[in-house]
Amino acid sequence: MALPTDPIMLLSVVNLKLRDYFKNLDALCEDLDADKTDLCAKLRAVGYEYDAQRNQFV
């Protein structure tokens, strides 16, 4: 599955997948073959950081 390029849609999809399917961001990135650094940078650019304790971008 290709992740959305729009940062807000990306946030929505990633948080949904983290909530429903993956125990952490590393597992999501591995399964989707996504670059974790790039993903975090895209979401950081719109004001979101990964919170490992909550397992979501906040």
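Residues are numbered from 1 along each chain as its sequence is written, and side-chain values use heavy atoms, with hydrogens and water left out. Because the model is predicted, local features need pLDDT of at least 70 and side-chain atom pairs count only at pLDDT 80 or more, whereas totals for chains, interfaces and linings use all residues.

The largest nonpolar core holds 13 residues, of which Val-14, Leu-18, Leu-25, Leu-28, Leu-39, Leu-43 and Phe-57 touch the most other members. A nonpolar core is here a set of buried Ala, Val, Leu, Ile, Met, Phe, Trp, Tyr and Cys residues joined through side-chain atoms within 4.5 Å. Buried denotes a relative accessible area under 20%, exposed one over 50%, and partly exposed a value in between, for a 1.4 Å probe and protein chains only. At least two residues of this core are supplied by each of α1 (7–20), α2 (25–32) and α3 (36–44). Helices (H or I, at least four residues) and strands (E, at least two) are DSSP runs, numbered from the N terminus. With neighbours within four places in sequence set aside, Leu-18 is in contact with Asn-24, Leu-25, Leu-28, Tyr-50, Asn-55, Gln-56 and Phe-57, contact being heavy atoms within 4.5 Å.

A disulfide is defined as a pair of cysteine sulfur atoms within 2.5 Å, and by this rule the count is zero. The sulfur of Cys-29 has its closest cysteine sulfur in Cys-40, at 6.7 Å, and is therefore too far away for a bond. Cys-40 is likewise in no disulfide. Cys-29 is buried, with a relative accessible area of 5%, and Cys-40 also counts as buried, at 13%.

Rolling a probe the size of a water molecule over the atoms shows where empty space is left. The largest pocket contains about 170 Å³ of space. On a 1 Å grid over the protein atoms alone, a pocket is an open set of points where a 1.4 Å probe fits, with protein on both sides within 12 Å along at least five of seven lines; a cavity is a set of points from which the probe cannot get out, and lining residues have an atom within 4 Å of a point. Grid points are joined across faces, edges and corners, and the volume is the space filled by probe spheres set on the points. The lining consists of Met-1, Leu-3, Pro-4, Thr-5, Leu-10, Leu-32, Asp-33, Ala-34, Asp-35, Asp-38, Leu-39 and Lys-42. Helix α3 provides the largest share, three residues. By class, seven lining residues are nonpolar, one is polar and four are charged; Ala, Val, Leu, Ile, Met, Phe, Trp, Tyr, Cys and Pro count as nonpolar, Asp, Glu, Lys and Arg as charged, and the others, Gly among them, as polar.

Asp-33, one of the lining residues, lies in the loop between α2 and α3. Asp-33 is exposed, with a relative accessible area of 72%. The C-alpha atoms of Asp-33 and Met-1 are 9.1 Å apart, although 32 residues separate the two in sequence. Most residues other than glycine have a negative phi. In Asp-33, however, phi is positive, near 55 degrees. Asn-55 is also a non-glycine residue with a positive phi, of about 55 degrees. Asn-55 is placed in the loop between β1 (50–51) and β2 (56–57) and counts as buried at 13% relative accessibility.

In helix α3, Thr-37 is exposed, at 62% relative accessibility. Glu-49 belongs to the loop between α3 and β1 and is partly exposed, with a relative accessible area of 39%. Residues up to four places away not being counted, Glu-49 touches Arg-44, Gln-56, Phe-57 and Val-58. Val-58 is situated in the segment after β2 and is partly exposed, at 36%. Beyond four places in sequence, the contacts of Val-58 are Gly-47, Tyr-48, Glu-49 and Asp-51. The C-alpha atoms of Val-58 and Asp-26, 32 residues apart along the chain, are separated by 17 Å.
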